[in-house]
Number of protein chains: 2
Amino acid sequence: MSNARLVSQVPDADTASWCNTIIKGDCVSRLELLPEKSVDVVFADPPYNLQLNGDLTRPDQSRVDAVDNDWDQFDSFAAYDAFTRAWLLAVRRVLKPNGTIWVIGSYHNIFRVGSIMQDLGFWMLNDIVWRKANPMPNFRGRRFQNAHETMIWASRDKEARSYTFNYEAMKAANDDLQMRSDWHFPICSGGERLKDESGQKVHPTQKPEALLARVILSSSRPGDVILDPFFGTGTTGAVAKRLGRNYVGIEREDDYIAAATQRIAAVEPLDSLSIRVTAGKRAEPRVPFNTLIESGLLQPGTELTDAKGRYSALVRADGTIAVGNEAASIHRMGARVQGLEACNGWTFWHIRHEGKLQVIDELRRQVRSSMETA
Amino acid sequence: MSNARLVSQVPDADTASWCNTIIKGDCVSRLELLPEKSVDVVFADPPYNLQLNGDLTRPDQSRVDAVDNDWDQFDSFAAYDAFTRAWLLAVRRVLKPNGTIWVIGSYHNIFRVGSIMQDLGFWMLNDIVWRKANPMPNFRGRRFQNAHETMIWASRDKEARSYTFNYEAMKAANDDLQMRSDWHFPICSGGERLKDESGQKVHPTQKPEALLARVILSSSRPGDVILDPFFGTGTTGAVAKRLGRNYVGIEREDDYIAAATQRIAAVEPLDSLSIRVTAGKRAEPRVPFNTLIESGLLQPGTELTDAKGRYSALVRADGTIAVGNEAASIHRMGARVQGLEACNGWTFWHIRHEGKLQVIDELRRQVRSSMETA
DNA sequence: CCGGAAGTTGAATCGAATG
DNA sequence: GCATTCGATTCAACTTCCG
């Protein structure tokens, strides 16, 4: 695999040989070929174990093209459970300790998948509901229209603390409101839906790229490795490549592999500027309070107050602030004057600047900005 | 139980002695007192087995009042599974062959509940998503906002063919479109939320009556018997009585029984079932900016400018826009480049389209119009 | 000009949370 | 060390209007 296949700014020289390939075969046995702790994110769209009896016809007597493939046939819940446990275990071995996994399913299988994930030690972060903009109607009128599917997002371990979640990016993309657990997307159709020469859909359950894009943008960084053990026609690979991530797919059926290979080859990765992840304050360089003093933005002896002028403190040369005889950090003193356990001093304290109160976090922003240009 | 009673419009004199009562005690042992095959619908809101560590504070340092009741403490998944199997078995005995059961839960427990239901022979009809209009935010920014809960609706047996589903009523209530599996309701608050003398909520997880009303209206008929084995403060009973159904509740805690008794006594049954749960015409749906990208109307890398071309920004794949090294939402970046506090990014930013500038609000209009036709 | 009703604005509160 | 919150609801504070 040449580095040229990967976009810039990503760790490329040491990308493993199996990256950005489709491995043919059964996912449990093929996963044994991958090193442990080597992938950042897993997206899995396993067989749903639909239990369909006979044909379903629309009110006009046309026949619904159901999922009746061999790969969705299981003899019992026990057989499906064993299958599920096996692939989840195999996937867990290759997942990094801080990696996360997504599994999508419907009410036919998602409860079994979720239980087994918990039994194996995965730690649930969210269940995400994909609300379909254009779901298939319920033709018999005996149930509610099945208008959603469910995704489970989980970390490899309960103890994982530094899994990737691009909170700020999701929030900014959602008009500055934090992203909820219910997502709204159309199903995969139109030009995006892969068809064969005779116009038949290549895969019965192809997922929309927009769904995968949000999955990947929320829980991975450029250059990460994303594994899809049920690759199908390669939606995960196509979106990963477009977004500057590495993929690895496992698939049994030659037809699907052929379609996915062709599809992914046609994908043009976005330039590196377009895929940069919006970082939250967590990722910004830490600026100690006394940097403000050292840089001359703030003089010792300056008076700090809260936004309403109820409390005041004096800046001291050593980077502490004083109230009466006591001195402490901006955070501890902010907490103490309010009688709270904790306080963010950067957003609590203000200075008087040209007659108006200005939060000292603004001074920190100026320091950071000058750090970048320096 | 006579057939005549089943078709009457209201619960009447020949109802069994245990109907419209609250039975005190543990639900598994108390259910043994009820005759088998005697209830039409079960609604169950079992403990969720939340596994909370320590306190959670809001960004303003106020403390979140968590669910820390004894009844939600289990030693292990195995203990929770045994509890779940026991009450589901007991409930199944008293359910009529054509009866159905609803169980509500969250990702903490719903996968275990669903698996066990399938193992015991219940047959899933739908999973229903309750999308909360006003969920609690995620204060730490480490996950998606947990904005929904899940209900499972199942028949007692796979073979049940004549369970009750008021398809036409649901469709009529939904502006003549089939009722979908995703429902939208506010959480229980305001005057509906039961408070004690000191203003504290009586029950930590009281469900909204609107939710129960749709459950009952969709899956039962007037005069039916509805069992709630975790009665709590009696939402199921209050709504059942109002809608002309019989209820029977089982509850262990005296405080909850007292509150439920008083609450239900104050309920006036409706004289007509023409009252339906109105979904209410929603305001124009909010379209987050990244919907434009996800729908393909706007490509990452596209340049945005203001109407006079003084400022420009780059669209990124994650739904933010970038000016230089900084990225933010369309609104915040619009404000920043102008040096303002706020800005409506939808009307500020434009794209070049066929040689002319087009405001991105026009793209939003296109998305909304395609949502309507879908 | 006074008193009270009625309407408006803004602050404060709080919710099944593996945080 | 210091980052992190959304929407419904209620209540207090204030304004306006009318007799």
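Is N20(A) buried or exposed in this model? N20(A) is buried, with a relative accessible area of 6%. The legends below take the close-ups one by one.

The model is predicted, so local features need pLDDT of at least 70 and side-chain atom pairs count only at pLDDT 80 or more, while totals for chains, interfaces and linings use all residues. Residues are numbered from 1 along each chain as its sequence is written, chains are lettered from A and ligands numbered from 1 in the order in which they are written, and side-chain values use heavy atoms, with hydrogens and water left out.

**View 1. N20(A) and K37(A) have positive phi angles.**
N20(A) sits in the segment before β1 (21-24) of chain A. Helices and strands here are DSSP runs, numbered from the N terminus (helices are H or I, at least four residues; strands are E, at least two). The phi of N20(A) is near 60 degrees, a positive value in a residue other than glycine. K37(A) is not a glycine either, and its phi is about 50 degrees. Look for K37(A) in the loop between α1 (27-31) and β2 (39-44) of chain A. K37(A) is partly exposed, with a relative accessible area of 43%. The cut-offs are these: buried means under 20% relative accessible area, exposed means over 50%, and partly exposed lies in between (1.4 Å probe, protein chains only).

**View 2. Chain A is assigned two stretches called domain 1 and domain 2.**
Domain 1 covers 21-52 + 65-266. Domain 2 covers 289-373. These bounds come from an automatic or database domain assignment. The C-alpha centres of the two domains of chain A lie 48 Å apart.

**View 3. Negative charges gather in a patch on the surface of chain A.**
The members are D68(A), D70(A), E253(A) and D255(A). A patch is made of residues with over 30% relative accessible area and no salt bridge; like charges are joined within 9 Å, and nonpolar side chains (Val, Leu, Ile, Met, Phe, Trp, Tyr) within 5 Å. Asp and Glu count as negative, Lys and Arg as positive; His and the chain ends are not counted. D255(A) belongs to helix α7 (residues 254-265) of chain A. D255(A) counts as exposed, at 60% relative accessibility.

**View 4. A salt bridge joins R112(A) to D119(B).**
What makes a salt bridge? A side-chain nitrogen of Lys or Arg must lie within 4 Å of a carboxyl oxygen of Asp or Glu. Side chains of opposite charge can pair when their charged atoms come close. For R112(A) and D119(B), the N to O distance is 2.6 Å. R112(A) lies in helix α3 (residues 110-120) of chain A and D119(B) in helix α4 of chain B, so the pair joins two chains. R112(A) counts as buried, at 3% relative accessibility. D119(B) is partly exposed, with a relative accessible area of 44%.

**View 5. Helix α4 of chain B is mostly covered.**
Just after α4(B) comes G121(B), with a positive phi of about 105 degrees.

**View 6. Two salt bridges lie within chain B.**
D157(B) pairs with R156(B), the closest N and O atoms being 3.1 Å apart. Both D157(B) and R156(B) are buried. E209(B) pairs with R242(B), and here the closest N and O atoms are 3.6 Å apart. This second pair links distant parts of the chain: E209(B) is in helix α6 (residues 209-219) and R242(B) in helix α7 (residues 235-242), 33 residues apart. R242(B) is partly exposed, with a relative accessible area of 24%. Over all chains, the count comes to 41 salt bridges.

**View 7. Chain B brings together residues that are apart in sequence.**
T15(B) and N246(B) are 231 residues apart along the chain, yet their C-alpha atoms are separated by 8.3 Å. T15(B) lies in the loop between α1 (3-7) and β1 (21-24) of chain B. T15(B) counts as buried, at 15% relative accessibility. H203(B) and T233(B) are 30 residues apart in sequence and 6.8 Å apart in space, C-alpha to C-alpha. H203(B) counts as buried too, at 9% relative accessibility. K308(B) and H350(B) are 42 residues apart in sequence and 9.5 Å apart in space, C-alpha to C-alpha. K308(B) is exposed, with a relative accessible area of 66%.

Methods: Areas by Shrake-Rupley, 256 points an atom, 1.4 Å probe, with all protein chains shown as cover. Charge placed at Lys NZ, Arg CZ, Asp CG, Glu CD.
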